[in-house]
Amino acid sequence: MTKTVTIYIDDKTYEVPAGTNLVDVAKFYADNDIPVFCYHPKMKPVGMCRMCLVEMGSVQKDRETGAVLLDDQGKPQVRWMPKLQTACTTTVSDGLVVRTNTEQVDSARENVVEFLLTSHPLDCPVCDKGGECPLQNLTMAHGSGSSRMNYADKMHLGKHVPLGDLIFLDEERCIQCARCIRFQDEVVGDPVLQFHERGRNLQIVTIGEPGFDSYFSGNTTDICPVGALTTADFRFGARPWELTNVPSICPHCPVGCNTSLSTRLDRDFGGRALIKRVMPRQNEAVNEIWICDKGRFGHHFSRSEERLMSPMLRNASGNLARTTWQEAYKLAAEKIKAAAGSVAVIAGASLTNEDLWALRRLVGESARLGAWTPAQTGADLVAQVGVGSGTNLKTLQAGDAVLVIAGDLEEEAPVWRLRLKQAADRGVYLVVANARPTRLADFAKETITYGTGEAAHVMHELRTRFPQIAEKLAAASNLIILTGAEGLTLEGSQALNQAAANFLIESGHVGKANNGLIAALPGANAMGLHYLGFTPEAAADIVSVPPKVLILAGADVADDDPNAAAWLSKVETLITIGLFLDGASERAQLALPMQSFAERDGTFTNGERRVQRFYTAQGPMGMALPAWQIAARIAEGVTGEHPKTSAGAVMLDIAKNVPAFTGARYTELAKVERQFPDVGGQDLYYGGNAYKNTGGLGVQIPAAAEGGEVKAAPVTLPPLVSASGQNLVVVPTTELYNRARDFRASEAELMTPRVPAAYVAMHAADAKRLGIADGDLVAVDAGSGRPVRSRVRLDGGAPEGTLLLPRHLTDTPVPLSITQGKVEKLRELVVEG
């Protein structure tokens, strides 16, 4: 139980947790916003800006009895400190007395603001921070009406200094609070910003190569208390008071970061609402107040000019041509009815729970429902022994343990990487196991390096191969195992997750908060796919035995699978529902446009099984509709069932029919509660520009282990993939920034310098044996007949005998999962000028 102490703030008494920061206590318990510039509740206090100065003392007590000594008026006697003290560097203890509203305190605040303004530019009318600027607000509260400083002494510095491709620094506005430096160092672990020079010449510089090389750089603009840091995406784009902020969920990975989409009616967008920026929305159990740069800057696909705008029907000439929705619904229904049950669906993890339910109702309970891609599984085991309700990575402490195996969270789920780094800083026993180095391994207490493709074998045999590590994990107070699928086939992925589940069950780490399994499944709604009946095993079966009618919904199979053309050619009627005309659409009889996450209401179920709601933010693109509505309209022609009128009505139907979603109605998902720290209020100097959560904290689906005993199951270890002769083992990997269709628009708008050129990572010994040098152009042939052309990297951490081949960096798809292939050096034509 938390120990509490009695403190006094402005003559009022409060019972608060012992050892808590005074600024946090004053805000949360006394509704007293002590102004700060350098302090941030997510970082260590440094007391640099002196804005939080207060009068401080302690209640006098009798040394013998411990009784509080009272004055003549019956009030506690206070021994006051001779000078003002910084509140941000003070932790509360019993008897602490604080005054925040005296003349002396107010004078000190006025002095601090006056000094900060000596060289601060008066460009509030054109500053992106204007309207939500802590310095602006505190100047209005504590600043002088005139300046005593000589204008000739003002420092004139750079106004548009690129710290990198995404973040710009206005050196004149910077007040040297060091929040950005400390965030990158303490929170992220990417110390790429530093102070340079001294005194009035002190400035922020980047020491990264390339500049500001971090996946979390955008967060520094949120916590900057002035307009010194701005993003390339939003700089001079709109004024904060013009924006409407809509709660949303990031669509890019399984973390399920809560976001706020800042929109404005835009003339160039036909007068419709347009996303101007993406901001973090507080959810302390999911992403706290942080988002990665892909979530922040990767929204442009939602309004890309390459979006599919209207239904397309293949005409008698064999070409796709525009048609009406009525004709599209009619033809789709006729094809489905004529297929006599030979109908299947492959759905991607970008679809909402509502979409998946409507598709399931369309094709019937007996149809095959595939979850794309058929290369990673484990959602079924997460549903059984996943982390317990109430899990929060933020609360893991010394004595707890986390094992991350076969995953690269920096690229696959960046905010999980950030939160686990912080957990390791708090003393959590973090173990990272992989066949190659990953960024998270830099923060691990222990690392395990295994042979390529051996992840499932290592997990299954952990107690015998690494007994000391296994013992520490099993003995931990709380244990979470987080699995990926790098270097594994579908069968290997199943074996890994089963072995991890067995370890958790046998060591007693299931069915309770901060214990259990998490699988880093690709996409925002992979767990929703599972709960609504879609599996990667069914997708693999559909690929092997295609049906007469196949509906591809939100699944870009042609960009993911080099063999897609072969098995799609066996489908008689192909219907695609997607955002773009992709490779599969080129073979489709019907290509139907669906709305993106930004254009509609819906829900995703994140990797920790939290069902979360998002809201309509942006105006619709063309004739696109929500995928659930498309499926329901087709179903009306098949079964006669009338479509639901809204996404909320669809979720109500899900809640009634799918036990896992009981209690996940929209009204429940929209509920909020006060969170600590209390950010997002008028006092933006405290927590920065992260938004208070008004859209809902979501509902976590309980794991089966929470309701009763679960038992370990046998592990079927698949044979290891090996290469012979001149062949090498080919392992597909993930790059956060890539050229997938849902990121290409952002790449073109903003991210081109950050998306790596196509490469394949080789071990130096393999390169030497094959006569290949770093930077050579090669073709990697994994047996599909479509070689992938890339430049060789010899510093990519590839194990000997292995090629690491990133997905979605070229127009040619890489293998779905680990396989073998050969690499051939290509001759390049040299043109002499």
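Author: Gladly! Let us begin with a helix pair: α4 (residues 179-188) and α11 (residues 414-425) pack at an angle of about 75°, their axes 8 Å apart. This is a predicted model, in which local features need pLDDT of at least 70 and side-chain atom pairs count only at pLDDT 80 or more, while totals for chains, interfaces and linings use all residues. Residues are numbered from 1 along each chain as its sequence is written, and side-chain values use heavy atoms, with hydrogens and water left out.

Reader: What makes a stretch a helix here, and what is its axis?

Author: Helices (H or I, at least four residues) and strands (E, at least two) are DSSP runs, numbered from the N terminus. An axis is a line fitted to C-alpha atoms, for helices over the stretch in contact, and angles run from 0 to 180 degrees between N-to-C directions.

Reader: Why are α4 and α11 called roughly perpendicular?

Author: Angles under 35 degrees count as roughly parallel, over 145 as roughly antiparallel, 65 to 115 as roughly perpendicular and the rest as oblique. The angle between α4 and α11 is about 75°, so these two helices are roughly perpendicular to each other.

Reader: Which residues of α4 and α11 meet?

Author: Asp-185, Glu-186, Val-187 and Val-188 of α4 meet Arg-417, Leu-418, Lys-421, Gln-422 and Asp-425 of α11, where contact means heavy atoms within 4.5 Å. These residues divide into 3 nonpolar, 1 polar and 5 charged. For those classes, Ala, Val, Leu, Ile, Met, Phe, Trp, Tyr, Cys and Pro count as nonpolar, Asp, Glu, Lys and Arg as charged, and the others, Gly among them, as polar.

Reader: What makes α8 and α20 roughly parallel?

Author: The axes of α8 (residues 353-363) and α20 (residues 627-639) come within 8 Å and cross at roughly 15°. With that angle, α8 and α20 are therefore roughly parallel to each other. The crossing of α8 past α20 is left-handed, meaning that the near helix is turned anticlockwise from the far one by less than a right angle (clockwise would be right-handed). The residues in this contact divide into 10 nonpolar, no polar and 2 charged.

Reader: Why is Gln-589 called partly exposed?

Author: Gln-589 has 22% relative accessibility, so it counts as partly exposed. Gln-589 lies in the loop between β25 (573-578) and β26 (590-593). The C-alpha atoms of Gln-589 and Leu-320 are separated by 7.8 Å, although these residues are 269 apart along the chain.

Reader: What is noted about the phi of Glu-288?

Author: Phi of Glu-288 is near 55°, a positive value in a residue other than glycine. Glu-288 lies in the loop between β14 and α6. Its relative accessible area is 4%, so Glu-288 is buried. Another case is Glu-197, with phi near 70°, in the loop between β9 (193-196) and β10 (203-206).

Reader: Which peptide bonds are cis, to give me two examples?

Author: One runs from Trp-372 to Thr-373, with omega near 15°, and Thr-373 lies in the loop between β18 (368-371) and α9 (379-385). Another runs from Phe-676 to Pro-677, with omega near 0°; Pro-677 is in the loop between α22 (666-669) and α23 (684-687).

Note on methods
Buried means under 20% relative accessible area, exposed over 50%, partly exposed in between (1.4 Å probe, protein chains only).
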